[in-house]
Amino acid sequence: MQETYEIILKIQRYDPDNARSWVQSYPLEAGRILRFTDLFRKINKELDATLAWNSSCEHGQCGSCSVKINGKPMLACELLVENAVAHFKTNEFLIEPLTIAPVVRDLIVDFDQAYERVNKIKPYIIEPVENPNSGNEYKISPRHLERYVDATRCINCFCCATACISSHHNFLGPNAMMASMVRLMDLREKAKDERKKLLYSEEGVYRCHSSMACSFVCPKEIDVAHFIALAKSGEVESDA
Amino acid sequence: MTAKFNISATLDCDVLVIGAGGAGLRCAAEILEKKPGTRIVAVTKVAHCQKSHTSTAQGGLAAVDPKDPADKPIYHMFDTWKGSDCMADQNVVKKIVDSAWEQIVWLENKGMHFSRNQEGGLSKRTFGGHTVRFGQSSAYRAVFEADRTGKGIMDSVWGETLRNGVSFVNQSIATELLFKDGRCVGAVLLSERKGEFVAVCAKATIFATGGDGQIFRVTTNCRQNTGDGLSLVLDAGLPVMDMEAVQFHPTGIVGPGILASETLRSVGGILRNRDLEPFMEKYAPKMKELAPRDLVARAIETEIQEGRGIMNPDHHIEHVWIDLRHLSDYVHEVEIPEVTSFFKKFVNIDPKNELCPVRPSNHYQMGGIPTTEFGEVQNASGEIIRGLYAVGECAAASFHGFNRLGTNSILELITMGRFVGQRVVESLTDQLPELPADAGKKSFALFSAYLDQTGKENLEKIREESRALMTEKVGVFRTEVGISEAIETLKALKERAANTTLSCKSLKMSPELILRWELDNLLSISIVTAVCALNRRESRGGHARKDFPERKDDFNYHTLATMTEFAKVDLANRAVDMSIFESECEHYERFGIIERKY
C-alpha cells in the first residue's frame, strides 16, 4: 500500500479586494486517507494562509464544502487522497468554486443567493391539512413515506444544481424541485395547487433536459432525476 | 485594500438570535407563533442555518408518549438525574421532560419526517440509560428520523422561521455584546461576506451559539464550534458554568473524530490494542464492550496512554482497533450499514475484512452559560441580566448536569427553545433601547490589532498545539500535574498567538482573520475549562480525575467561572436544584444523592 502521494492542487482563486482571478498551484505531500478539506487546511498551515474555503461538519452531513474537483461537483470532506487518485487517474486536481452563485473569495460562493432558489419553492408546509387526529401526530404509513423519504435526505450542497446542464438562470434547479416534490407528496400539505403552479412554471421541471447529471453527482446518492421524472409525468399527488 | 473600522449599518429589531441552529430557531419560531410580526434577526457563523451542528445529530429524541402504558415522565426524569451524576437541576429536568411529547407533536405537525410504525404513528427505539421503572428495563422512548434526527429538526425550524419571516444574517460572527445601564441591548456583528461591522439594537438578545468541541483535537463537533459564544460572554464579565463537565464518546473514527455509533459494540464489535489483545476483559470482566460509554472511553484512553495504542501515520493520532471482521454479512449490511459506510468513506477501510481505527472523541459540553429555567442569563451572584438569554448547548440551565444521556440533547434544544421564546415574548413590550455611544469600539480595537500584529508564529500550528494539549491533558483523564502543565502551556500559546502576522489585510471573507479570532476564543475556553477541572478534586460524570477517582459530596454544586483577563479565573458555586426531591412527591426518594451505577 502506498503511504503518501505527491499531488498538485490547482486552485481557482479570486481576490475580491483587487477583483483579480487566477489559478494557483500547490504541490503537496499527502497521506493516503487525508480528506480534501484536510489538504486545504494543510495549505493554510504550510503554504498559504490566505486560501479561503468553507466547511462545517466535515463528514458529509451539512453540504458546506462543495467544490468542483476536475470538473465534478463534490463534497471536499468526503474525498480521500487515494480515492481521488484512483477515481480521476491523475495526481493533479483542479479545484473550482461552484457555479450556482457569485464567488465571494476563492472557493467560497454566496450561499444566500444559491438558497434563494430553494426559498422560492417554500421548503415547508405552506398550509397544513386539517389533522383528524388533532393534538397528535398525523398518521403517515411507512409505505407512503417510502415514496419520498429519499428526497428528504437532501442537504442542499448544490452539487446537483452545479452539474445540471439546464440553464441556471431559468431553472430553479434539481434540489429545489425535489424539495417541492417532498411537500407535494406529503399528506400534511394542503397547498398543492400553489406548489404545482411553480413546479410547472417557466422556472420549473420542464427546464430539465433529463441528463441525469443530478443523480450522477449527488453525494448523498439520492436519485434526484427520479423525483424530477415523477414531477414531469404528473405523478405527484399523494394517494393515501 | 485597507480594512474599514466603522459601523456600516445599524439594524433595529425586537429580537437578536446569535446562532441559528436548532435551539435558536426553535426559539425564534415560538416568538413568531406567539407574536406574529416580531422583528427577528438571526445570525449564524456558517454559510446557512441548515449547515449548523444540529443537523449532524443522528440517534433520536427522548420523549415519553402519554399514550404509552409502560412509560412515565417520572422514569425519564429519574434516568436524567441518575445519568447527570446528581448534578442536573431538577426544576429544569421536570420542565423539559413534562413538555417533551408536546414538542415532538409540534415538530411533526410542522412537517418533520419522523420514521413511522406500521400504524402510521411515530416509531420508537431504546437508547442507553433510558429505562422504565427506575432502571428495571429498557424504555422505548426515542422517536427519530432514521439516522438524521438532527437534520429533521433543523429543516423543520428553518422552514418555520422562513415561513414566518426571520431576517437571516449568514456567515457572520458576533464580536461584541452591547450593554446599556446593565441591560443587554444587542451586539456588533462582522459580516464576513461584506467585510463590514454591523450594530444590532434589540430588545432581547438570545445566545444559541452551540458547543465548544473544537477546543479538543479529536471531536465529533463541527469545525465552527470554537467556543465563540462562551468567550463573548466571558468578555462581558459574565460567568460560565460547569466547564469541566465534558462528554467523550468512546469510538470516534480516526483521524477527524467522526462519531461511530455505539451500535458497533452492541452488535458484538471487539476492542483490541496494538497487540490485538481484547482489552475490555481487563476493565469490565462481565460487561466488556457493553460497559457504559464513559467506562469504555477510559479503558481505551488507558491503553493508549500506557503505550498499547497504534499511531495513524496520516493524521498522527493514536488509536485502538474495533474488530468487526467476525460479524456476519447480515450484521454488516443490515444492522450497521451507516457506520460501515463511514469507515469506508473516511478511512477507506472495509470493516468486513479489516480492523477499524477508533479512539475517544470529544462529543458534548454539558456546561455553558448559566441560566434560569426560562433561559435568562445570570451573573455570578445569580442575578438576571436584563435582555439576555441563552439556550441550547451553549447554555446550562442545567438539564444534563455532569453527564448527558443520548437523545436528551436535541430534546433540550426544542423544549428550552420554546420556553425561552415564551419568556422573551413577555419582555417585548419595552421600548427599543439605545445603543451605547462606543458600540463597536472593542471590536475595532481587537480586529485592528489582529491585522497590525507581526511575528513569525504560525496560527494553524498554535491552534493544533492547543487542541492536542487539551485532548492529552484535559481530556478523558485529568490529573493535577497534567492540568497544571496545560494551564502554563496555554498561557505561553496565548503569547505566541500575539506573534503572528496575517498575510491578508482584508475584513472580507478572510479565513485567516477568523482563525485568529477563533484562536483567542479557543484559548480562553480551554484555560477556563482547565481551571475548573483543576478545582474539582473528584470524579463525576464526564469529569474523571485519575488522582481523585471517587465522587465526593463536598462537590455537590455547579462551578461558576468568570475571567476578566486571560488566565485570571475567579470561581464561585451555584447550588443544584433538588425541587423534585424536596417536593416529597411520589418516588421523590429516587431523586436524592444516589449512586450512578448501571
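Modeller: Chain A has 9 helices and 7 strands. Helices (H or I, at least four residues) and strands (E, at least two) are DSSP runs, numbered from the N terminus. This is a predicted model: local features need pLDDT of at least 70, side-chain atom pairs count only at pLDDT 80 or more, and totals for chains, interfaces and linings use all residues. Residues are numbered from 1 along each chain as its sequence is written, while chains are lettered from A and ligands numbered from 1 in the order in which they are written.

The C-alpha trace of chain A spans about 60 × 40 × 35 Å along its principal axes. Of its 240 residues, 49% are buried (20 or more other C-beta atoms within 10 Å of the residue's own, with C-beta atoms placed from the backbone).

Now the contact. Chain A puts in 56 residues and chain B 48 residues. Two residues are in contact if their C-beta atoms, placed from the backbone, lie within 7 Å. On the chain A side, α1 (36-47), α2 (81-88), β6 (103-105), α3 (111-120) and α4 (142-148) each supply at least two residues. α3(A) gives the most, with 4 residues. By class, this side has 21 nonpolar, 19 polar and 16 charged residues. Nonpolar means Ala, Val, Leu, Ile, Met, Phe, Trp, Tyr, Cys and Pro; charged means Asp, Glu, Lys and Arg; the others, Gly among them, are polar.

Buried residues make up 62% of the 598 residues in chain B.

Terms used
A residue is buried if 20 or more other C-beta atoms lie within 10 Å of its own, exposed if 12 or fewer, and partly exposed in between; C-beta atoms are placed from the backbone.
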